[in-house]
Amino acid sequence: MNVKVSRLNGISRLYLLVLLLGYIGTGWLLSDCNASWFTWTGTQVITVHLAWVGFDAVALAVAWIVLLVWVGAFAMTWPQSIPWAGIPPWAFGLAMTWIMALGLILTLAQVKHALLSAGLNKHLAFWFLTIFTSVGLGIGRILDEGLFLN
């Protein structure tokens, strides 16, 4: 395995930073909204599929996000951090979550492409992205539960 580390500079590192921060935010949001195990599992399965397939899995990932936003809108699962918010902030929040999720989906697909271009084989890039995004989701959940604040 001859990975050209110099090719993983600049924009690729920026993509990795955005990806990590995005998945930390996703983990925090899922935890803050008391998402069910189905939502957590579905999000991880879609992420793993996207990490394996790349850009060809974007349509499925977008469908998952649309499903989550619609369920969130109909179920009115209010985040615990803003119990005072009314409908307009909640609608704006759903729209911003959807836009953030679309950006995160495209970023994950682009990072996979960048890792493959840098010389990683498909399996190594897949496992790297799977672990990387899982760590991000876990950090987000820990931050929401306030384990660092005790």
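This is a predicted model: local features need pLDDT of at least 70, side-chain atom pairs count only at pLDDT 80 or more; totals for chains, interfaces and linings use all residues.
Biologist: How many helices and how many strands are in the chain?

Modeller: From the N terminus on, the elements run α-α-α-α-α. The chain holds 5 helices and 0 strands.

Biologist: What share of contacts between residues at least 6 apart in sequence joins residues at least 24 apart?

Modeller: A contact here needs heavy atoms within 4.5 Å. Take the contacts between residues at least 6 apart in sequence. Those joining residues at least 24 apart make up 74%.

Biologist: Which element gives the largest share of the largest nonpolar core?

Modeller: That core has 28 residues, and Leu19, Leu50 and Leu129 touch the most other members. Helix H1 (11-32), helix H2 (37-53), H3, H4 and helix H5 (122-145) each give two or more residues to this core. The largest share is 8 residues, and the element that supplies it is H4.

Biologist: Which residues does Leu50 contact, leaving aside its neighbours within four places in sequence?

Modeller: Leu50 is one of the buried residues of H2. Leu50 is also among the core members that touch the most others. Its contacts beyond those neighbours are Ala57, Val58, Ala61, Ile105, Leu108 and Lys112.

Biologist: What span does H2 reach from its first C-alpha to its last?

Modeller: H2 has 17 residues. The expected span, at 1.5 Å a residue, is 24 Å. The model comes close to that, with a reach of 24 Å.

Biologist: Which element gives the most to the nonpolar patch on the surface?

Modeller: The patch is formed by Val66, Trp70, Phe92, Met96, Trp98 and Ile99, with about 600 Å² of accessible area together. Helix H3 (58-75) and helix H4 (87-117) each give two or more residues to the patch. The top contribution is 4 residues, and it comes from H4.

Biologist: Why does Trp98 count as partly exposed?

Modeller: Trp98 is found in helix H4. Buried means under 20% relative accessible area, and exposed means over 50%. Trp98 counts as partly exposed because its relative accessibility is 35%.

Terms used: Residues are numbered from 1 along each chain as its sequence is written. Side-chain values use heavy atoms; hydrogens and water are left out. Patches are made of residues with over 30% relative accessible area and no salt bridge: like charges are joined within 9 Å, nonpolar side chains (Val, Leu, Ile, Met, Phe, Trp, Tyr) within 5 Å. Accessible areas come from the Shrake-Rupley method with a 1.4 Å probe; for residues, only the protein chains shown count as cover. A salt bridge is a side-chain nitrogen of Lys or Arg within 4 Å of a carboxyl oxygen of Asp or Glu. Buried means under 20% relative accessible area, exposed over 50%, partly exposed in between (1.4 Å probe, protein chains only). A nonpolar core is a set of buried Ala, Val, Leu, Ile, Met, Phe, Trp, Tyr and Cys residues joined through side-chain atoms within 4.5 Å. The expected span of a helix is 1.5 Å times one less than its number of residues.
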